[in-house]
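Grab a viewer and work through these exercises one at a time. Try each task before you read its solution.

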Amino acid sequence: MNTGIIASRYARALLRRVEETGNGETVLRQVEVLGQALDALPEFRDVVAERMGVTYSQKMKLFQAALVPTAADAPREPLAPELRVFLEVLMRNDRIGDVRLIFHSFESAYHRARGLKKGTLRVVLPSPDLESRLRQFVESRTGCRLLLKTEVDPSLIGGFVFEIEDLLLDASVRHQLEIIRDQFVERNRRIV
Amino acid sequence: MAQNNTIRPSEISDVLLQQLKEIDISPRFEEIGKVLQVSDGVARMYGLTHAEAGELLEFEGGVMGVVMNLEQDNVGAVLLGPTDAVKEGMTVRRTGRIASILAGEPLLGRVVDPLGVPLDGLGPIEGDLVEMPLERKAPGVIFRQPVCEPLQTGLKAIDAMIPIGRGQRELIIGDRQTGKTAIAIDTIINQRDCYRSGQPVYCIYVAIGQKGSTVANIVETLRSHGAMDYTVVVAATAADPAALQYFAPFAGAAIGEYFRDTGRSALVVYDDLSKQAVAYREVSLILRRPSGREAYPGDVFYLHSRLLERAAKIIGQQEVAERMNDLPASLQGKVRAGGSLTALPIIETQAGDVAAYIPTNVISITDGQIYLESSLFNQGFRPAINVGISVSRVGGAAQVKSMKKVAGTLKIDQAQYYELESFSKFSSDLDKVTAMALDKGRKTNQLLIQKQYAPMPVGEQVAILYCGTKGLMRSIRLDQVADFQEAFLDRMRAGHASDVLEPLAAGKIDDAIMRVIEKEADEVLISLRSAATPEEGSDIPEKKEA
């Protein structure tokens with residue numbers, strides 16, 4: 001039950017370390033990539049959490065291999081020294097099984113410390129005007145700068161889906177049709 | 001599944017258009033989280049900072065979950081669907097609602113899961129339904145009244161010696177295969193007469209962690225005896241996630257509360273709470289909650305106490321009942337006074353150990369227990385009730401007057417008989433009084449044996465137990481008791497249904513009725529004796545007239 005407390009303590013320690021070294025952007029980027037790899041591959045998570053049979057160095061090689069380069073011809077970057085040491089500390093303290101939650105906590109803490117909000121916008125067609133309005137909306141209400149990633153999703157039919165931290169605004173046509181269907185069925189069930 | 005092509009009055013275009021106009025599709029911010037980890041029916045999410053305990057969450061793909069753990073930076077939830085339908089990285093939304101089930105008359109005759117989804121293949125449940133929360137506070141003290149109305153089980157041993165009242169919690173406890181479920185099913189079947197007379201006791205049978213085939217057999221038994229007309233079956237079988245098995249009794253209680261709070265009588269059977277405790281233990285251990293005795297979580301007592309406290313007899317004053325605490329919004333304006341919810345929780349013991357953790361917990365919560373023994377079952381005494389240690393704390397207040405008068409001392413008499421029986425094994429010569437007491441006890445024991453699925457109306461019970469308690473069968477053999485009972489009841493049904501059986505059922509017993517019973521008993525005894533061979537006789541000599 002103390003997983004959250006433990007994760008936030010480790011995340012704060014890593015944040016303070018990267019603030020000392022000034023390598024926060026690199027560590028953040030690598031943490032995001034490793035986090036996505038842990039989400040996508042259950043086997044990766046299981047091997048990392050394994051206590052017996054997998055050595056520290058083998059786990060470190062896996063983390064290194066998970067840092068897939070962004071371009072086909074780009075060199076594979078090494079793990080940032082701060083991150084490498086951090087992962088070793090996690091393994092030594094037997095907390096490597098909570099690494100996903102720790103990474104989440106670190107990302108949130110890092111953005112909070114820099115007055116940033118991370119958001120994702122999914123649209124049917126890219127719209128710079130919509131992006132600009134959303135940035136103004138967030139920055140005026142929170143005083144934080146919005147880091148916005150835009151994705152194209154034709155299944156929305158129309159409208160957009162805006163996700164910022166743990167809030168979601170689904171203004172897509174697909175969602176509206178789902179609401180109509182669900183409420184319609186709900187109302188008609190009650191009519192004898 | 002056949003499509004329903006009947007056009008309903010509501011399906012006029014203008015009405016449908018109006019409905020469409022009233023639907024609110026304006027987008028609004030929803031709180032979401034990301035699934036961090038999912039295994040064994042439990043998911044851990046990051047985000048959901050304002051999620052509330054017991055709140056329903058919706059995962060991508062439609063699987064629902066209930067928030068169980070609120071921790072720093074993450075939320076733990078139990079899944080109410082298959083674990084493999086939820087993946088790490090999925091988005092999960094708050095619904096702002098707590099887990100609930102739609103309850104109402106359309107549920108009668110149906111088999112549903114704890115979320116109200118039909119399992120019987122008879123199509124969706126349509127009609128007027130009310131949303132009832134699975135977790136709800138029990139009625140406060142001022143909204144209750146003492147239990148005063150009997151709930152007839154149709155089983156002589158129970159209605160005579162361990163009577164159950166409407167609003168009571170009576171535990172059925174025993175080892176495996178001792179007839180616990182049989183008592184519950186017979187009780188449900190016995191409510192058929194109430195249903196026919198227009199004052200039904202609505203029954204809810206909650207199957208927790210049982211085999212699907214067992215549940216199917218029970219449903220078929222209820223259907224063949226006409227009991228499904230007033231019964232709902234809530235099933236969370238052994239194949240269902242532990243979370244569903246944990247919630248199943250609460251779903252049964254929620255359905256029962258709908259009938260209770262609208263002024264009707266309801267009976268809920270939890271079969272069995274041992275399995276619910278095991279499911280709760282599993283969920284709690286996966287959530288990393290601290291474990292206690294026998295690895296159960298520390299609040300396993302509260303799990304059962306808050307469930308069983310919801311069985312109550314509601315006060316008869318309408319203006320007080322309307323102000324009941326924690327009334328769901330869906331019941332506002334529908335509350336009627338005087339309803340009741342009776343609970344028959346079932347607990348399975350291991351090797352007769354009633355002093356184990358969960359059995360002692362539930363014994364201390366309930367208003368009595370019916371203890372079933374394997375040894376009695378194997379000896380042929382079925383229902384295999386040990387009347388010595390079975391008790392109903394409501395007692396005579398839940399009996400019709402006639403039964404109270406006839407069987408008031410039966411429990412003590414049987415307890416004394418058991419003492420004498422064990423004593424007589426060591427004695428060769430018995431005095432006449434002891435021999436008569438033993439004979440009467442043995443024959444009463446035989447009277448209390450009852451076939452499964454053959455509940456007896458209370459009038460007949462009183463009549464036949466009168467024969468036992470007054471020693472009217474002293475002149476027949478022990479093996480003739482069953483024949484005596486059958487012949488006697490046939491005569492009573494044929495010739496004295498209105499002048500004896502009905503008044504007895506209403507609670508009336510007087511000298512005239514007793515004379516009729518004695519006269520009919522004599523007639524049956526004569527016919528039994530004349531059918532016997534000259535060498536055969538009774539176990540003890542007849543008392544010679546002075």
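**Exercise 1. Describe how α8(B) passes α10(B).**

Step one, the hand: α8(B) and α10(B) make a right-handed crossing. The hand is right-handed if the near helix is turned clockwise from the far one by less than a right angle, and left-handed if anticlockwise.

Step two, the geometry: the axes of α8(B), residues 300-308, and α10(B), residues 357-365, come within 10 Å and cross at roughly 35°. Axes here are lines fitted to C-alpha atoms, for helices over the stretch in contact, with angles from 0 to 180 degrees between N-to-C directions.

Step three, who touches whom: α8(B) brings B:Val300, B:Phe301, B:His304, B:Ser305 and B:Leu308, and α10(B) brings B:Asn361, B:Val362 and B:Ile365. Contact means that C-beta atoms, placed from the backbone, lie within 7 Å. Sorted by class, that gives five nonpolar, three polar and no charged residues. Ala, Val, Leu, Ile, Met, Phe, Trp, Tyr, Cys and Pro count as nonpolar, Asp, Glu, Lys and Arg as charged, and the others, Gly among them, as polar.

Some housekeeping before you go on: this is a predicted model, where local features need pLDDT of at least 70, side-chain atom pairs count only at pLDDT 80 or more, and totals for chains, interfaces and linings use all residues. Residues are numbered from 1 along each chain as its sequence is written, while chains are lettered from A and ligands numbered from 1 in the order in which they are written.

**Exercise 2. Now do the packing of α17(B) against α18(B).**

Start with the numbers: α17(B) (497-506) and α18(B) (511-531) pack at about 125°, with axes 10 Å apart. That makes the pair oblique; the label is for angles that are not under 35 degrees (roughly parallel), over 145 (roughly antiparallel) or 65 to 115 (roughly perpendicular). The hand of the α17(B)-α18(B) crossing is left-handed.

Next, list the residues: B:Val500, B:Pro503 and B:Leu504 of α17(B) meet B:Ile513, B:Val516 and B:Ile517 of α18(B). The tally is six nonpolar, no polar and no charged.

**Exercise 3. Trace the strand order of the open eight-stranded sheet in chain B.**

First, walk across it: the order is β8-β12-β11-β13-β14-β10-β15-β16, with mixed pairing. Helices (H or I, at least four residues) and strands (E, at least two) are DSSP runs, numbered from the N terminus, and two strands pair if DSSP finds at least two bridges between them. The edge strands are β8(B) (111-112) and β16(B) (391-392), each pairing on one side only.

Then check some pairs:
- β8(B) and β12(B) (231-236) are parallel over two bridges, with B:Val112 opposite B:Val234.
- β11(B) (201-208) and β13(B) are parallel over seven bridges, and B:Tyr205 has B:Val269 as its bridge partner.
- β13(B) and β14(B) (340-348) are parallel over six bridges, with B:Ser265 opposite B:Ser340.

Next, look at how covered β13(B) is: seven of its seven residues are buried (20 or more other C-beta atoms within 10 Å of a residue's own, all placed from the backbone; 12 or fewer is exposed, in between partly exposed). One side holds B:Ser265, B:Leu267, B:Val269 and B:Asp271, the other B:Ala266, B:Val268 and B:Tyr270.

**Exercise 4. Which elements of chain A give two or more residues to the side that touches chain B?**

Count first: 28 residues of chain A are in contact with 30 of chain B. The elements are α1 (3-21), α6 (99-113), β4 (167-170) and α8 (173-189) of chain A, and α8(A) supplies the largest share, eight residues. By class, chain A's side has 13 nonpolar, eight polar and seven charged residues.

**Exercise 5. Is B:Leu48 buried or exposed?**

Locate it: B:Leu48 sits in the loop between β2 (42-47) and β3 (55-59) of chain B. B:Leu48 is buried because 22 other C-beta atoms lie within 10 Å. Leaving aside neighbours within four places in sequence, its contacts are A:Asp166, B:Glu31, B:Gly33, B:Val75 and B:Arg94.

Notes: Contact = placed C-beta atoms within 7 Å.
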